[in-house]
Amino acid sequence: MTRTPGHPLPADGSPAATDRQGGRTRAARTPARTPARTTAAVAVLGATALLAGCAGGRDAAASGGQPDGQGGNLTYLEYQPHTTLYPPQSGFYPNGALVNNVTDRLTYQDPETLEIEPWIATDWQVNADATEYTFNLRDGVTFSDGTPLDAAAVARNFDTFGLGDDERGLTVSEAVNNYAGSEVVDEDTVTFRFSAPAPGFLQATSTITSGLLSPETLDRPLEDLGAGSATEIVGSGPFVITDEQVGTEITLTAREDYDWAPPSSEHQGRAHLDTVTIVVTPEDSVRLGSLLSGQADVVRYVQAPDEEQVTQAGFQLFAPQTRGVNNGLALRFTNPLLADLRVRQALVHGVDNRQVVETVFTDNYPAATSVLSAAAPGYHDTSEALAHDPDRAAALLTEAGWTPGPDGIRVKDGQRLSLDVYASAAQPLSKPTLELVGQQLAEIGVELNVKSPDAGSYATDTLDPLKTPLYHSMVGRADLDVIKSQFHTDNRDVLLSDDATLDGLLEAVAAEPDPQARLQRSADVQDYLAEQAYYIPLFEEPQVYGAAPDVTGLAFEAVGRPTFYDVATGR
């Protein structure tokens, strides 16, 4: 059951809201089809042990809360520990939950309408070809160390994000394209210039990858922005990181003097909560059991089979969409086994993503119909080119010279059509998803070996198309530039591509100043990816959270990272 952030549905799971898919409005989805598998008693026992030493929890919240529901602590259980708080590298959801709450941005993107609104910038001007942006800034904003968030600080942030710093290991932000430099016009006005049109820059100023940091924090090398240094990261957001137990727990404390939330926010001034305790809890059953037993208030990453248990127990379930490149498999065509277009097309037609969704997930995970999510700006339907058609897939493989061997796996010139893929720890239910895909591909004579990631070889193997011909990933961002982030050779490059035509098409999306023409450029890329059979889109990925019945105000930025500013527990 999907709920609109900030507008909870009934906890019994009855449909009462609508969501948007490709411009259509439809009824909220039904609970999980697959049976709940968590044994609550076991989970609660584990959670009790885990949280025994935690400063958070319901009792602590109750004692610290105020009669009107203001104040108190929120205990939030996170699936994985954070890795870095350098904003351009903070897309990983555990990083994003922190950056989203300790930094402000120049602009705010309404998570429902996706419109860009004022925040630290009161207004802005963009020239006709989107090569110059001027922002006027709000007065009186400070970082948590007391330094002013003025034009010089903003310029310093975007000079770092747009140009990077090789010496300190600070990478260029994939959200900032064609950046040339900044000009501090006066204390409250800053201008940015670009070497080519940068139509996605305004939206980029609203994302967590453009979270504003103090100049002192920006002086640090990348390694000083990673785990172990969280309390030294200074932003201007409503919360400050006041304690870090490396790899296990983070404490956020509300800034008493915070008074510059986006104008459209539910309230102004200080955050309602006093503190947020984020506890890293990798075990799914422990997160769920802790929530249902009242020892946690909010948990991220409710597994699809557990969704129904959450709603049936009267708890809240949120499933905000990530609105970007869909969860899917990149087919790395520089691997000789995938060099033939007919083989790649066969793999695309051999996968039934609707069966994947119906078997492994719930209706909160719609089957993909393009590389981009139907909820993403610039979505273009390519479902015909992606249709499940095993007979056609088999014919394509035969035409390409691959014939069934003794065990049904196809061979050619003595080589088996055998491909490796790593399960991704960051993708929901990655291993069972890939195993089901492997069963589907086996039916057309393709062997898919699903490997578990390990600390030794995973990082290097996934950068080698010979060792990892298929790569499982997704990326969220509510702007058309997200497709360049995923596929361009200067960005994530999940294909490990050498296709200059694809790079050119992606650059056209990032440099087209006319909004309608830019939509067409995005459609061109989606068509090309489908025609070349470079990607098998599986499903539209949400971030799924469970929350206690009395938690109110929980919201999510445009791609599903939690915002604690308006949260209250009523205790």
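Start by selecting helices α16 and α17: α16 passes α17 in a left-handed crossing. This is a predicted model, and the tour moves from this helix pair to a second one, then to a sheet, and ends with the confidence values.

**Stop 1: α16 and α17**

The selection for α16 is residues 500–511, and for α17 it is residues 515–531. Their axes lie 8 Å apart, and the packing angle is about 155°. An angle over 145° counts as roughly antiparallel, so α16 is roughly antiparallel to α17.

Now show side chains at the contact. On the α16 side, select T501, L502, L505, L506, A508 and V509. On the α17 side, select R518, R521, S522, D524, V525, Y528 and L529. Coloured by class, this contact of α16 with α17 shows 8 nonpolar, 2 polar and 3 charged residues.

**Stop 2: α9 and α12**

Next select residues 341–350 for helix α9 and residues 390–399 for helix α12. These two helices pack at about 160°, and their axes are 8 Å apart. α9 and α12 are therefore roughly antiparallel to each other. Their crossing is left-handed.

Which residues of α9 meet α12? Pick R342, V343, Q345, A346, H349 and G350 in α9; across from them in α12 are P390, R392, A393, L396, L397 and E399. The class count for the contact of α9 with α12 is 6 nonpolar, 3 polar and 3 charged residues.

**Stop 3: the sheet β16-β17-β18**

Switch to a cartoon view and select the strands β16, β17 and β18. They form an open sheet of 3 strands, in the order β16-β17-β18, with antiparallel pairing. The edge strands are β16 (403–404) and β18 (415–416), and each of them pairs on one side only.

Then select β17, residues 410–412. Its pairing with β16 is antiparallel and runs over 2 bridges.

**Stop 4: confidence**

Finally, colour the chain by pLDDT. The chain mean is 89, and 88% of the residues reach 70 or more. Where does pLDDT stay under 50? Select residues 1–67: pLDDT stays under 50 over this stretch. Where pLDDT is low, the predicted coordinates should not be read in detail.

Conventions. Residues numbered from 1 in each chain as written. Predicted model: local features only at pLDDT ≥ 70, side-chain atom pairs only at ≥ 80, totals over all residues. Heavy atoms only, no water. Axes fitted to C-alpha atoms, helices over the stretch in contact; angles between N-to-C directions. Helix = DSSP H or I, 4+ residues; strand = E, 2+ residues; numbered from the N terminus. Parallel < 35°, antiparallel > 145°, perpendicular 65-115°, else oblique. Left-handed = near helix turned anticlockwise from the far one by under 90°. Contact = heavy atoms within 4.5 Å. Nonpolar A, V, L, I, M, F, W, Y, C, P; charged D, E, K, R; others polar. pLDDT = per-residue confidence, 0-100. Pairing = 2+ DSSP bridges.
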